[in-house]
Amino acid sequence: MLPHYYTVKGNGEHEIIIQKSRFITNVSRATTEDEALNFIQEIKKKYRDATHNCSAYLIGEHDHIQKANDDGEPSGTAGVPMLEVLKKKKLKDTVVVVTRYFGGIKLGACGLIRAYGKAASEGLSATGLVERNLMQVMHTTIDYTLLGKIENEVRSSSYIMDSIEYQENVQVNVLIPESSKEDYLNWIIDLTQGKNNTTEGKLLYRETDVVL
């Protein structure tokens, strides 16, 4: 699992007009090629009367799946510029479809490259991008008399308070960077003078909004 990576926030749609042609960008997260292909087919079905439905996607930790489709536009003028936008923004697990309704004015190869690149970039920005950071959940069980102190210390630290479970004792669930386990264990021992029981929970990704 990657320690962190960038991807789209979710599904989004954005439209621009260039030389009387409508360019409608649809964006989605896709963790498998089947998900990407299914999304592309959904958009093609939705805009079945469009002149073109061009697409691009990048999938996998190391971008091992990457495809671009010009859907009838001159070779290399639509899908590839869209794919380059994904690469430039360092996005992963992302699929983009740009639908074009021809407005009667030919753009030429260079014009098409700029138009599809712009449509993809603006569509991604309108949808929103996130950074996903790999976090380790740490379950720390303490006596209730320590709760106020530990809660305050966690909230004022770089660690993230995930939840508190009130049982016979109280369990504080904290999110920390996966690489910081030893630091956290030493930190919590010092705070509680060793009066805690800490175990590792699951690894998960935490998302924060970014502008790329």
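These are my notebook entries on one predicted model, a chain of 212 residues.

**Ground rules**

I number residues from 1 along each chain as its sequence is written. The model is predicted, so local features need pLDDT of at least 70 and side-chain atom pairs count only at pLDDT 80 or more, while totals for chains, interfaces and linings use all residues; side-chain values use heavy atoms, with hydrogens and water left out.

**Entry 1: the whole chain**

I began with the overall count. The chain has five helices and ten strands. Helices (H or I, at least four residues) and strands (E, at least two) are DSSP runs, numbered from the N terminus.

Next I checked the dimensions. The C-alpha atoms fill a box of roughly 75 × 30 × 25 Å along the principal axes. The radius of gyration is 23 Å, whereas a compact globule of 212 residues would have one near 17 Å. That radius is taken over C-alpha atoms, and the globule rule is 2.2 Å times the number of residues to the power 0.38.

Buried residues make up 46% of the 212. Buried means under 20% relative accessible area, exposed over 50%, and partly exposed in between (1.4 Å probe, protein chains only). I also looked at contacts, meaning heavy atoms within 4.5 Å. Among contacts between residues at least 6 apart in sequence, 72% join residues at least 24 apart.

In what order do the five strands of the open sheet run? I read 2-3-6-4-5, with antiparallel pairing. Strand 2 (12-18) and strand 5 (65-69) are at the edges; each has a single partner strand, so one side of each lacks a neighbour in the sheet. The twist averages 15° from one strand to the next. Two strands count as paired if DSSP finds at least two bridges between them.

I then took one pair. Strand 4 (residues 52-59) and strand 6 (residues 94-101) run antiparallel and are joined by seven bridges. L58 has T94 in strand 6 as its bridge partner.

N26 sits in strand 3. N26 counts as buried because its relative accessibility is 6%. Leaving out residues up to four places away in sequence, N26 touches G12, E13, F39, I43, Y47, V95, V96 and V97.

**Entry 2: helices on the sheet**

Helix 1 (residues 33-46) lies across strands 2, 3, 4, 5 and 6, at about 165° to strand 4. Helix 3 (residues 108-127) lies across strands 2, 3, 4 and 6, at about 145° to strand 2. For these angles, axes are lines fitted to C-alpha atoms, for helices over the stretch in contact, and the angles run from 0 to 180 degrees between N-to-C directions.

Helix 2 (residues 79-88) has G79, P81, M82, L83, V85 and L86 buried. Those buried residues pack against strand 4, strand 5, strand 6 and helix 3. Just after helix 2, K90 takes a positive phi of about 60°.

**Entry 3: cysteines**

How many disulfides does a search of the whole structure find? It finds zero. A disulfide here is a pair of cysteine sulfur atoms within 2.5 Å. The sulfur of C110 is 17 Å from the closest cysteine sulfur, in C54, which is too far for a bond. C54 is buried, at 0% relative accessible area. C110 counts as exposed, at 54% relative accessibility.

Strand 9 (residues 170-177) is mostly covered, with seven of its eight residues buried. Strand 7 (residues 129-142) pairs with strand 9 in the antiparallel sense over eight bridges. M138 has V174 in strand 9 as its bridge partner.

Strand 8 (residues 160-166) also runs antiparallel to strand 9, with six bridges. I164 has V172 in strand 9 as its bridge partner. A hairpin through three residues joins strand 8 to strand 9.

**Entry 4: H4**

H4 lies in strand 1 (residues 4-8). H4 is partly exposed, at 39% relative accessible area. Leaving out residues up to four places away in sequence, H4 touches E131, R132 and N133.

**Entry 5: the record**

Over residues 19-123 the chain is 38% helix and 29% strand. The end C-alpha atoms of that stretch are 18 Å apart.
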